[in-house]
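Open the model in your viewer and keep the selection tool handy. We will walk from one stop to the next, picking residues as we go.

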Amino acid sequence: MSFHSILLVRPLINIERNAPFFLPLGLLCCASPLRDAGFPVEILDYEYLLRRGAMAVPDDETWIADLCEPIIEKAPVILGLTALADTMPACLLMGRYLKQVAPEIIIVIGGPGVFGTTPEIGNRFGDCFDYLCINEGEVALVELAVRVAANDLGTEVPGLWSPHVTEPAVPYQGFAEIDELPMPAYDLLPIADYVEMATPRIFDVYLGTGCTYACKFCVTSTFWNRTFRAKSPQTVLAELDYLYDNFGITKFNFLHDNFANKKDYLESFIDYFQNNNQRYEWGCAVRPDNVTAPQLRAMRSAGCTMIFCGTDSGSKRILKSMAKMTKVTKSYDFFENCRDADIAFETNAIIGFPHEDDTDFEETLTLVIDAVAHGATNSDVSVLQPLPGAQVTKDNSDTITWVGPSLQGAFLPPQVLDLAENNADIFTGFAFIRNGNRSFAFYREATQLVRYFTRHYFRTVYFLKERCGVTYLSIFEAMMAANEGTPLETTFAQVFSDLDLTDEQRSLAAAVFALDQATEAAKGLHVSTEIANIYARAHSQSGAQSHALITVDHEVHGLFAALPESITHEAPHAITRYLVFRTAEDQLVTIKLSGWQMRLWSALAAKTQPDDAATTVAAELADRGIDRDRADVAVNRAAALFADVLQIGATSSPVLADTRSP
Ligand code: B12
Ligand code: SF4
């Protein structure tokens, strides 16, 4: 066969070291059947090379040649580029360059970035590619390779669309029998590196696609024809065994739009994994109203430890216009059922949907922050991105406005942005729908604030809302109005003093705020990275405090001990000292100090010999009639703990804050 090779390329997605990093799973899926059919395949992953430090960030002027020349050197017969909505314009520019310099290379662009762009893309960019893969690539690429090898390219290639051959665009209807597709060609990549670099450090396994619902913001239903397909549990477990045997991986994330879409599939999967999975933990994504409490418990016993769900809105009205769910309470049921089943959960809601008014927005913020109170590991929001082909995009085509890149660090050189902006009707992923809602700038800032308050000062905002009736929106607006550069803590203190609160509320809120401040000091973390990338772990600041001590007017910590129920309980008015510290295992611990513990702590912090301090305090307790042996045990235990805490923060002395009311 006069066939050299097929080269599959992932272009640069994001140039920030902290951006999420994932396997190019789509390319691995495509590579495998090609190889099985006898075609040599290679993967060139620029995203990996950049993160690994094997290449520099390309220059704005030369990036196209920089990324294309290595491709030309490899002289592939077929080049497959994988595109996301954000990277599709860059793929087109690379394709145009290659078509000029090496016109013999057959260029196919596939991936989610292609969704919804046909047929108009063919009219304007027909010189940038030969084919687009509208859905899955496994069968389509083999079909193309076979035809190229047979020199038979005159007619339509099933699964591929070409402005030069096929008119009009016909989405591929004959999806492959997913269980018969070979396992992704993991061995084509240095998997150990990917596992080490992945954020989060969990291994994605492709389970299938499609969902029978039709939420208006989602492209899944449109492009997979509302068809649910998933690999059988037997096939999945065999793949996990392969990944364990070859790379020692035991924690997985199953990639499927809606794993729990089909009751029969879910139950057969649970059943098989309950009986056959003794080793692996796994996560998945579901629609919140698709799983019941008993199913969640069964999933837990089958190895499921983490679930992602899109709650999407806290407003019944907006949920309805999204064509998502009928009730917001379905999300709350899901949170509670996950807690009961001991499954960690993450959520995401969409803000900025058309006609979202301030009441809807407040309801969504409430849902998002309540998710944290219910124990969500991560509760995030994203601004509605009107993806090409999504129903909401079609319905609002006259109110779509270009806003540019929405993701921090996205690789978008000026030519890419120009192309996208000049063709904004095709690349709607860079736009915002301004229709009866607030501005994009507002929602973007709100996203940052949600990410901040779901991780920092959570108790303060939750308390202000739940106990003082202050809206999240008013807190957010005050934060947004603050001068740039003002530390958030300072702004918060100002917001807080401006609020219309009773004396009791003010005093309690001051105590909660102080507790949150102490917690932040004890964390000693840089928060900017995790705000840019929710998967990144925040880094420790050098020389940061790892513990903090405060004295407040109320025993407020107990208010949050059993969220969400306890927030309505009273917090006794009592001078209370809290020590907050980070353990060697990175756990945050808050303990209430009694008077003698406080004196012991002060003595140890002042670098008094531990033994001396402990002896003095134990003697003091004995003088007060406390059994000497018991006093010794308690004091020694406390002394050991305090000494440990002080060593953790060896570079700095503890924060000694007194926030009692005057
Ligand atoms: C994991 C994931 C992510 C990860 C990583 C993405 C990645 N792999 O690089 C993270 C969390 C970073 C992410 C981010 C985002 N994502 Co995302 N993500 C997914 C998810 C859940 C799985 C992707 C995946 O790996 N699937 C499995 C593989 C096998 O599928 P695949 O890549 O699509 O590949 C198949 C075909 O597309 C095709 N194919 C792919 N490449 C090629 C190349 C050639 C040559 C050919 C012929 C075929 C082909 O064949 C493959 C095999 O069948 C999908 C939903 C889904 N079920 O696919 C959403 C999805 C891709 N994400 C989506 C969105 C909206 C986003 C965000 C914009 C969200 C946000 N607002 O922040 C961001 C930004 C992404 C960007 N930069 O453009 C949308 C659509 C995006 C789009 N049109 O580009 C999807 C479809 C979810 C949805 N239903 O709305 N995402
Ligand atoms: S339930 Fe989820 S996957 Fe299904 S259409 Fe709605 S958002 Fe998309």
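The largest cavity holds about 60 Å³ of space. A cavity here is a set of points, on a 1 Å grid over the protein atoms alone, where a 1.4 Å probe fits but cannot get out, and lining residues have an atom within 4 Å of a point. Grid points are joined across faces, edges and corners, and the volume is the space filled by probe spheres set on the points. This is a predicted model, in which local features need pLDDT of at least 70 and side-chain atom pairs count only at pLDDT 80 or more, while totals for chains, interfaces and linings use all residues. Residues are numbered from 1 along each chain as its sequence is written, chains are lettered from A and ligands numbered from 1 in the order in which they are written, and side-chain values use heavy atoms, with hydrogens and water left out.

Helices (H or I, at least four residues) and strands (E, at least two) are DSSP runs, numbered from the N terminus. By class, the lining has eight nonpolar, no polar and one charged residues. Ala, Val, Leu, Ile, Met, Phe, Trp, Tyr, Cys and Pro count as nonpolar, Asp, Glu, Lys and Arg as charged, and the others, Gly among them, as polar.

Next, pick C29, E138, L181, P182, M183, P184, Y206 and K231 to find the second largest cavity. Its volume is about 50 Å³, and its lining divides into six nonpolar, no polar and two charged residues.

Now turn to ligand 2. Which residues surround ligand 2? Select C211, Y213, C215, F217, C218, D257 and R287; near means having a heavy atom within 4 Å. Five of these shell residues are nonpolar, none polar and two charged.

A salt bridge is a side-chain nitrogen of Lys or Arg within 4 Å of a carboxyl oxygen of Asp or Glu. R287 is buried at 6% relative accessibility, whereas D289 is partly exposed at 27%. Buried means under 20% relative accessible area, exposed over 50%, and partly exposed in between (1.4 Å probe, protein chains only).

For another pair, select R451 and D380, whose closest N and O atoms are 2.8 Å apart in a salt bridge. R451 lies in helix α17 (residues 440–453) and D380 in strand β14 (residues 378–383), so the pair ties together parts that are 71 residues apart in sequence. R451 is buried, at 13%, and D380 is buried too, at 4%.

Then move to E570 and R467, a salt bridge with its closest N and O atoms 3.6 Å apart. Because E570 sits in the loop between β17 (547–554) and β18 (573–582) and R467 in helix α18 (residues 458–468), this pair ties together parts 103 residues apart in sequence. E570 is exposed, with a relative accessible area of 58%.

Finish on β17 itself. Eight of its eight residues are buried, so β17 is largely enclosed by the rest of the structure. β17 and β18 run antiparallel, joined by seven bridges; strands pair if DSSP finds at least two bridges between them. Select T551 to see it standing opposite R577 in β18.

Conventions. 1 Å grid on protein atoms, 1.4 Å probe; cavity = no way out; pocket = protein on both sides within 12 Å on 5 of 7 lines; lining within 4 Å.
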